Amino acid sequence: MSDTRRRVKVYTLNEDRQWDDRGTGHVSSTYVEELKGMSLLVRAESDGSLLLESKINPNTAYQKQQDTLIVWSEAENYDLALSFQEKAGCDEIWEKICQVQGKDPSVEVTQDLIDESEEERFEEMPETSHLIDLPTCELSKLEEIADLVTSVLSSPIRREKLALALENEGYIKKLLQLFQACEDLENTEGLHHLYEIIRGILFLNKATLFEEDEKFLSEVFAQLTDEATDDDKRRELVNFFKEFCAFSQTLQPQNRDAFFKTLAKLGILPALEIVMGMDDLQVRSAATDIFSYLVEFSPSMVREFVMQEAQQSDDDILLINVVIEQMICDTDPELGGAVQLMGLLRTLIDPENMLATTNKTEKSEFLNFFYNHCMHVLTAPLLTNTSEDKCEKDHLLGSNKTSTICPDNYQTAQLLALILELLTFCVEHHTYHIKNYIMNKDLLRRVLVLMNSKHTFLALCALRFMRRIIGLKDEFYNRYITKGNLFEPVINALLDNGTRYNLLNSAVIELFEFIRVEDIKSLTAHIVENFYKALESIEYVQTFKGLKTKYEQEKDRQNQKLNSVPSILRSNRFRRDAKALEDDEEMWFNEDDDEEGKAVVTPTEKSKTEDDFPDSYEKFMETKKAKESEDKENLPKRTSSGGFKFTFSHPPSTANGTNSTNSKSVVAQTAPASSNGSSSKTANLAASVTATKGSLVGLVDYPDDEEEDEEEESSPRKRPRLGS
């Protein structure tokens with residue numbers, strides 16, 4: 001459990017003199033090398049990111065209020081406050097501040113504050129009156145200049161006067177010249193002083209001091225991307241821009257906008273595209289931080305840039321693809337950089353922050369670009385690690401599962417989980433584009449291979465992806481799932497999990513419970529017809545019995561409808577030839593193609609619609625007695641992994657003709673011929689029934705319902721306890 005004594009909220013005072021909540025985290029005081037002094041650090045409790053890094057300056061006035069509040073000022077219109085959850089934590093940090101400033105912790109204010117009357121007296125003075133005399137701008141005076149800049153930060157009036165002095169004397173340009181001199185002389189101490197000086201000047205938060213020297217910045221960008229620039233120099237330049245972007249967060253909104261627009265105009269994005277692909281880890285990390293500032297500032301600006309460059313560049317060097325590749329190639333075992341980049345990608349592809357005008361729809365244009373130029377890069381690790389070749393190779397190496405992923409190490413599993421999280425986001429927010437992609441790539445089948453991963457968190461990610469798809473209640477998706485028999489790996493995972501009550505078990509049950517509660521008829525029929533015998537022994541929840549009940553209720557409704565139709569109409573309806581049925585199926589697909597804009601799935605088998613319950617049930621009732629004799633042959637067989645697999649009575653077909661990597665171990669009951677096609681064995685049975693029925697072919701024959709119930713109860717199936 002985290003230490004609540006150090007739990008704080010960070011507040012900043014906005015231009016309307018209202019306190020803005022910047023986040024909740026835990027505060028600590030430690031020596032920071034870059035700041036050359038003891039500093040206050042606050043890290044967010046949500047993700048560990050840095051909410052605050054503030055050096056405890058000897059001359060800054062800190063105030064302790066109401067026992068749990070510490071307030072101070074770092075720049076003009078930049079007041080800060082820490083609100084502690086507990087008084088003890090506030091006292092601890094207050095003692096650290098007083099220790100640095102040499103004050104007694106019993107005081108409530110560490111420095112004398114200028115009262116209001118004194119400030120008013122200062123404000124009445126003419127602006128040209130120099131309260132601060134600047135030292136000569138030369139190397140020998142750098143330490144003195146640094147001390148002066150640091151000392152004025154605690155007083156708003158002195159900050160104002162220092163800003164005027166710096167502006168009137170053109171001091172910034174002189175400091176830049178000293179910076180160049182220190183670089184040439186390799187004067188490290190002088191560079192450290194200049195860092196303190198520039199940092200203090202930035203904290204003055206004066207727009208006039210932030211005017212961009214475009215020639216200077218253009219030269220910096222040129223050095224940054226020049227292959228001849230040595231690694232140390234490039235690292236310093238990237239860190240310079242990173243600090244520059246960080247300090248820009250203290251500016252007023254209009255000044256911050258102008259700052260980032262200037263960077264964009266000068267070519268910050270093309271420069272980042274080059275730098276992010278370099279080998280130096282520190283350079284890449286700093287470049288990623290800069291990119292995050294730009295995405296946070298304006299996702300639309302970044303999207304516009306990448307769409308423009310797509311017209312002139314190959315896919316592999318596009319900025320977004322460089323970002324994706326950095327995410328995929330992150331060498332951190334915990335994938336910290338990959339997590340950050342994934343968050344940036346999600347922001348860029350989020351339709352909620354895309355603009356729509358009368359003449360231009362950013363959402364449509366950018367998503368077309370992303371799915372055409374970038375999606376294949378994002379999904380490459382997923383498709384590679386779930387390919388049939390990988391699975392077969394892994395099986396030959398001795399795995400006890402026929403479709404486990406290879407390699408199945410922890411870092412690869414984490415990466416695939418990140419990719420699945422992004423794809424799940426796409427399912428929720430992109431509808432048309434992601435549906436096309438899933439159908440064309442048979443993506444859900446590949447994702448469900450991961451249900452066999454030894455890493456439960458990855459299997460849950462795969463299941464979550466399917467759950468989001470089913471949650472849309474889109475019949476186009478439902479047909480894709482049933483035609484491809486894509487419930488099989490999910491049910492196999494449930495049976496392999498055995499009687500263990502864990503998160504995987506609960507997640508699978510919840511998926512089927514959703515189908516039951518929402519009464520998704522096509523999925524209910526598919527599950528009951530193909531898998532009920534494998535699931536009927538699960539009685540600790542009523543989900544599967546409930547699905548069977550829904551299925552039978554729907555069957556009864558369809559039969560009642562059929563009975564209400566005159567016999568002559570029934571006869572005509574059920575004597576339709578196969579060609580008419582194929583025409584109906586073709587019409588269904590054509591209608592979907594019109595809705596989606598283009599064909600995404602080529603039907604490989606022609607059949608009746610799955611909603612046509614009576615015809616399917618007629619065959620079911622006619623062949624049931626004959627099928628009972630074959631049930632013994634289809635009893636569950638125990639696999640090498642200890643699970644029970646049921647042989648599917650007909651080969652599953654997918655919407656686009658792709659073979660399943662899992663189709664050899666289907667968990668299914670021996671079922672009647674359905675709209676998906678039938679095996680030769682079932683066809684032979686149907687033929688024998690047809691021969692005996694004679695003129696009854698195509699008509700509905702209803703056996704006694706009670707007799708059917710007795711037959712079902714006479715041969716109960718008990719699901720064995722697995723994985724014990």
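In what kind of crossing, left-handed or right-handed, does helix 5 pass helix 6? The model here is a predicted one, in which local features need pLDDT of at least 70 and side-chain atom pairs count only at pLDDT 80 or more, while totals for chains, interfaces and linings use all residues. Residues are numbered from 1 along each chain as its sequence is written, and side-chain values use heavy atoms, with hydrogens and water left out.

As for the opening question, the crossing of helix 5 with helix 6 is left-handed (the near helix is turned anticlockwise from the far one by less than a right angle). Helix 5 brings Ile172, Leu175, Leu178, Phe179, Cys182 and Glu183 to the contact, and helix 6 brings Gly190, Leu191, Leu194, Ile197, Ile198 and Ile201 (contact means heavy atoms within 4.5 Å). Sorted by class, that comes to 10 nonpolar, 1 polar and 1 charged residues (Ala, Val, Leu, Ile, Met, Phe, Trp, Tyr, Cys and Pro are nonpolar; Asp, Glu, Lys and Arg charged; the others, Gly among them, polar).

Further along, helix 19 (residues 432–441) packs with helix 22 (residues 475–483) at about 15 degrees, their axes 12 Å apart. So helix 19 is roughly parallel to helix 22 (angles under 35 degrees).

Technical notes:
Axes fitted to C-alpha atoms, helices over the stretch in contact; angles between N-to-C directions. Helix = DSSP H or I, 4+ residues; strand = E, 2+ residues; numbered from the N terminus. Parallel < 35°, antiparallel > 145°, perpendicular 65-115°, else oblique.
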